[in-house]
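Hi,

Here is the structure I promised to pass on.

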Amino acid sequence: MSWFDKLKNGLKKSSQLIGGSVRRAFVSSQGVFSVDDIFDSLIQGDVGVKVSSAICDMLKSRRFESVDVALQEVESLIVQRLTPASQPFRVVRGAGAPTQVVLVSGVNGSGKTTSIAKLSQQCQEQGLSVEWAACDTFRAAAVDQLALWGERLQVPVYTTYPGQRDQGTPAALAYYAVEQARAKGTDVLFVDTAGRLQNNEALMRELERVVKVTSKLDSAIPHQSLLVLDGNTGQNTYSQVEMFKKYIPITGVVVTKLDGTSKAGFLIGLYEETGIPVVAVGVGEQIDDLNALDVQLFAKTLLGLV
Ligand SMILES: Nc1nc2c(ncn2[C@@H]2O[C@H](COP(=O)(O)OP(=O)(O)OP(=O)(O)O)[C@@H](O)[C@H]2O)c(=O)[nH]1
Ligand SMILES: [Mg+2]
């Protein structure tokens, strides 16, 4: 399946709700919309009050030749809002520059580890060497999961450090991995972390510590800090972003599991609400199910225009 088909398939539920509601509300004999139903559906699809109101205001004030013409105008409105939000994942390591460190965090099960595998493959395709630090030190299963992906992609994984006792600490392991990767001249080091709820103070402090300790090696670390958001969480991801930002810098979000959710509309307001760009979106569990957010394609798909 092509990326286009995967996205289209994945966004089906959201598109039925969002594009479908606009289509159903068009009174073709008069060329007008009955916008009340549209508003409710948009809110249900987690489009948010601001954007939903903007869409409804536009639709109710005019007569349209056809529903497709109207939908194209809605598409423009969405594209305009989303364009600054899409900043595709890219690692550039200049000549003589140290290893680029990419920290990856998020709540439990949001898709951190699989997203790291997917992004790593993209790095490898660009000829970059990749390593991982398995800083999810609580669970043996988590370290095993990363090691398994590592074997598949032939990525070396740091799982322990000299002098480690018991499970060790994520900060110490991250520090060691950064030191080693820099010494080897590795292009990109992904630091995988344990899932944590944004309101768990102790675990958030632990994440903060990973940044504090590794940045002693270089104040530019982490060069990128990606927060992985589960698309099923909809607009509640906005407050997740805000909470994580209180402890560590966040440079971008990866939105996973857009397949199967009816709440993909939350992406439209994400950047406006949080100021954090979207570096990639995921629509499945396979290695190539993650890609940059193509704003135009996303808007068209959401509105059922393709
Ligand atoms: N359908 C779907 N499943 C996904 C996507 N991304 C990840 N998953 C699945 O979500 C589950 C959790 O993914 P992980 O990568 O282990 O998540 P994690 O954030 O590392 O989890 P913890 O380390 O336990 O916090 C796995 O079964 C993944 O295959 C996606 O875009 N779509
Ligand atoms: Mg994980």
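First, the housekeeping. This is a predicted model, so bear in mind that local features need pLDDT of at least 70 and side-chain atom pairs count only at pLDDT 80 or more, while totals for chains, interfaces and linings use all residues. Residues are numbered from 1 along each chain as its sequence is written, and chains are lettered from A and ligands numbered from 1 in the order in which they are written.

**Domains**

The chain splits into domain 1 (3–85) and domain 2 (100–293), with bounds that come from an automatic or database domain assignment. Their C-alpha centres lie 33 Å apart. Between them, 22 residues of domain 1 are in contact with 22 residues of domain 2 (contact means C-beta atoms, placed from the backbone, within 7 Å). On the domain 1 side, the elements that give two or more residues are α1 (3–10), α2 (12–24), α4 (49–60) and α5 (67–82). Helices here are DSSP runs of H or I with at least four residues, strands are runs of E with at least two, and both are numbered from the N terminus. The largest share of that side, 5 residues, comes from α1. By type, the domain 1 side divides into 12 nonpolar, 5 polar and 5 charged residues; Ala, Val, Leu, Ile, Met, Phe, Trp, Tyr, Cys and Pro count as nonpolar, Asp, Glu, Lys and Arg as charged, and the others, Gly among them, as polar.

R81 in helix α5 may be worth a click. R81 has 20 other C-beta atoms within 10 Å, so it is buried (20 or more is buried, 12 or fewer is exposed, anything in between is partly exposed, with C-beta atoms placed from the backbone). Leaving aside neighbours within four places in sequence, R81 is in contact with V51, I268 and E272.

**The sheet**

There is an open sheet of 8 strands with mixed pairing, in the order β5-β4-β6-β3-β7-β8-β9-β10. Two strands pair if DSSP finds at least two bridges between them. β5 and β10 (290–291) stand at the edges with a single partner strand each, so one side of each has no neighbour in the sheet. β4 and β5 pair in the parallel sense over 2 bridges, with A133 partnered by Y158 in β5.

So what is β6 (188–193) like, given that 6 of its 6 residues are buried? β6 is largely enclosed by the rest of the structure. Both of its faces are covered, with V188, F190 and D192 buried on one side and L189, V191 and T193 on the other. β6 runs parallel to β4, joined by 6 bridges, and V130 stands opposite V188. β6 also pairs in the parallel sense with β3, over 5 bridges, where V104 stands opposite D192.

**Helix α8**

α8 covers residues 170–184, and its end C-alpha atoms are 21 Å apart, which agrees with the 21 Å that its 15 residues should span at 1.5 Å a residue (the expected span is 1.5 Å times one less than the number of residues). Its buried residues are P170, A172, L173, A174, Y175, A177, V178 and A181. What covers them includes β3 (100–106), β4 (130–135), β5 (157–158), β6 and α9 (201–214). G185 follows α8 and has a positive phi, near 80 degrees.

**Ligand 1**

Of the 21 residues around ligand 1, those that come nearest are G111, K112, T113, G195 and G282; a residue is near if its C-beta atom, placed from the backbone, lies within 6 Å. Helix α6 (residues 112–125) gives the largest share of the shell, 3 residues. The shell divides into 3 nonpolar, 12 polar and 6 charged residues.

**Backbone spots to check**

- The peptide bond from I221 to P222 is cis, with omega near -5 degrees; P222 sits in the loop between α9 and β7 (224–230).
- Q154, in the loop between α7 (140–153) and β5, has a positive phi near 55 degrees though not a glycine. Q154 is exposed, with 8 other C-beta atoms within 10 Å.
- D166, in the loop between β5 and α8, also has a positive phi, near 50 degrees. D166 counts as exposed, with 6 C-beta neighbours inside 10 Å.

Cheers

Notes
Two residues are in contact if their C-beta atoms, placed from the backbone, lie within 7 Å.
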